[in-house]
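Please look over the sequence and the model first, and then read the points below beside them.

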Amino acid sequence: MIPNVGDVYCVYVEKLQQYTACQVTGLKETEGKTSDTLASVLQLDWTGDQLPNEMQLHQIKPLICNFYFWHDRLAHSFVNANVPSRYVLAGNIPPLYTEETNTYGGGWPIGESLYLQREWERIDEHRRAQFKQAADDDKEIMVGDRVMRRSTSTLRDFSPKSAEEVAELAKLPCLTHIEMDGYSESIFPFIEENPFINELHLSNHGQTKLDISRSHLTNLIVDVSGLKELILNSKMKSLNFTGELSPGLHIVAHEDGKCITLNVPSGLPQVTGISRVEGLYIREITELNLEPLVQYYPELSELRLWGKPGKVSHIESIQHLANLQTFTTYDLFGFNGEQFPDPEQLPKLATLWLTSLPADAAKWIKTRYKKSAAAGLDMEITKARKPEWLAENLNNPFRDWDGRDHIKAAHAKKAAQLYKQCLKEIRQLSQVSIDQESLHKQLVSMVENYTQTFNKMDAKAGFIETVEREEIYVVLTTLLEQLQQNLELRQDNSVEVNHEELYEVFDRLRDF
């Protein structure tokens, strides 16, 4: 649904336990191949247990933001004009701001700026003044053995060896974000006493228990290798795991993680204590069964999945997520359109972004959700993949090389590209009429290039060991066997693949 200029919409914000409000100040059409309507939306300085009445509507003012590095700015940006389904029209008043914004946001506001402004105003006024003064001070100072600007907000590669090194950070009044490699117990009292530090990265800490319950952190990226217990504070919003998840990790979180978004690698994070997380991001998926995920985290309102590429099974299970508002996938396959839930089974869904998915599923879902998109669902379904793409990418036998400790990412990528190239050549040879001599000549050339490419890679890095050597050989045999099968399907008995001679070429050339 497209709003009218002047419309005031309200949305309930869980972490505020109240409604917030925003106003549509303008509409415009985008230029380009596809024309979309954008709405400029202004966040308002109002919260309430119920929608505002007529008198309250005319008393509402724009939200003025001056938290952290903001200087009395309006939270005003262009978004897709379709009003999300959970936004409620409260009324229409003349626009509170008439100048066009040059900011483009990711979506309709959900009270984040108002929440940050309220939290900022709770901090001691003297400390806030120190922050603002330092924010405009680019003078270089010594912090331990580093030369840094006094306005520095992000500290990277911090590896303190003593409490004195941690204490030096007090020279940075604007510090909000610390990335620490290693461990120092003194970092915790420091962040607990500093209300501005809201993000902490902890890697290679070597601890089995971490307690940040007295901090002001809202974002934590933590290496969970060897970690058995993690005690969080009540303000935590984003929890990101790195490293190898230890079996039995227990997390102590406010309301079982009700307002937390969990970001994890690879698979289902089976940890205890955060069964009520509202958001779950899973990256680098190769295989994922959604049925146990839905059972493990039944209160999810946001689920975002990234494949490597990968496959998901039981996608129909997401219909049991009664609160699901956002569902996105990228490079994920293994499902068809009939398995995807109908719009009626996902009544609260406001955002559906599916990128790089099976072509048949893309077509089916677009058709079924067409009316929902017209009614306000933010839907993007792009990069529909045909079976040929899946063969080259999802079923690429060298995709498993990416992530192996002794194989560089560049070499894994090159091996995968080489497979694509060979597969393309096999397809072409399967489709054209060719005599035996020409076929053999082209296959010899392909095998030579295949072998020499791995020779060159291994000469530089020496990464091809017994397992990789076997995989390289098996891939070659599979390609040649696929070609032979394709020729037989064509019922072309005049040509055939001379496997033995081609394997001899491979063995003669290879240096690994």
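This is a predicted model: local features need pLDDT of at least 70, side-chain atom pairs count only at pLDDT 80 or more; totals for chains, interfaces and linings use all residues.

A residue is called buried when its relative accessible area is under 20%, exposed when that area is over 50%, and partly exposed in between.

**Salt bridges**

- Side chains of opposite charge can pair when their charged atoms come close.
- In this model the count of salt bridges comes to 18.
- Glutamate 119 pairs with arginine 122 in a salt bridge whose closest N and O atoms are 2.6 Å apart; glutamate 119, with a relative accessible area of 18%, is buried, whereas arginine 122, at 62%, counts as exposed.
- Glutamate 100 forms a salt bridge with lysine 28, and here the closest N and O atoms are 3.7 Å apart.
- That pair links distant parts of the chain, for glutamate 100 sits in the loop between strand 7 (88-92) and helix 2 (112-121) while lysine 28 belongs to strand 2 (residues 18-29), 72 residues apart.
- Glutamate 100 is exposed at a relative accessible area of 61%, while lysine 28, at 25%, is partly exposed.
- Aspartate 507 and arginine 510 form another salt bridge, with 3.4 Å between the closest N and O atoms; aspartate 507 is partly exposed at 43% relative accessibility, and arginine 510 is partly exposed at 30%.

**Positive charge on the surface**

- A patch of positive charge on the surface is where Lys408, Lys414, Lys456 and Lys460 gather.
- One of these residues, lysine 456, lies in helix 11 (residues 436-461) and counts as exposed, with a relative accessibility of 58%.

**Cysteines**

- A disulfide is a covalent bond between the sulfur atoms of two cysteines.
- A search of the whole structure finds 0 disulfides.
- For cysteine 65, the closest cysteine sulfur is that of cysteine 22, at a distance of 13 Å, so the two are too far apart for a bond.
- Cysteine 174 is likewise in no disulfide, and the nearest cysteine sulfur, which belongs to cysteine 65, is 18 Å away.
- Cysteine 65 is buried, with a relative accessible area of 0%, and cysteine 174 is buried with a value of 0%.

Notes. Residues are numbered from 1 along each chain as its sequence is written. Side-chain values use heavy atoms; hydrogens and water are left out. A salt bridge is a side-chain nitrogen of Lys or Arg within 4 Å of a carboxyl oxygen of Asp or Glu. Helices (H or I, at least four residues) and strands (E, at least two) are DSSP runs, numbered from the N terminus. Buried means under 20% relative accessible area, exposed over 50%, partly exposed in between (1.4 Å probe, protein chains only). Patches are made of residues with over 30% relative accessible area and no salt bridge: like charges are joined within 9 Å, nonpolar side chains (Val, Leu, Ile, Met, Phe, Trp, Tyr) within 5 Å. Accessible areas come from the Shrake-Rupley method with a 1.4 Å probe; for residues, only the protein chains shown count as cover. Lys and Arg count as positive and Asp and Glu as negative; His and the chain ends are not counted. The place of a charge is taken as NZ of Lys, CZ of Arg, CG of Asp or CD of Glu. A disulfide is a pair of cysteine sulfur atoms within 2.5 Å.
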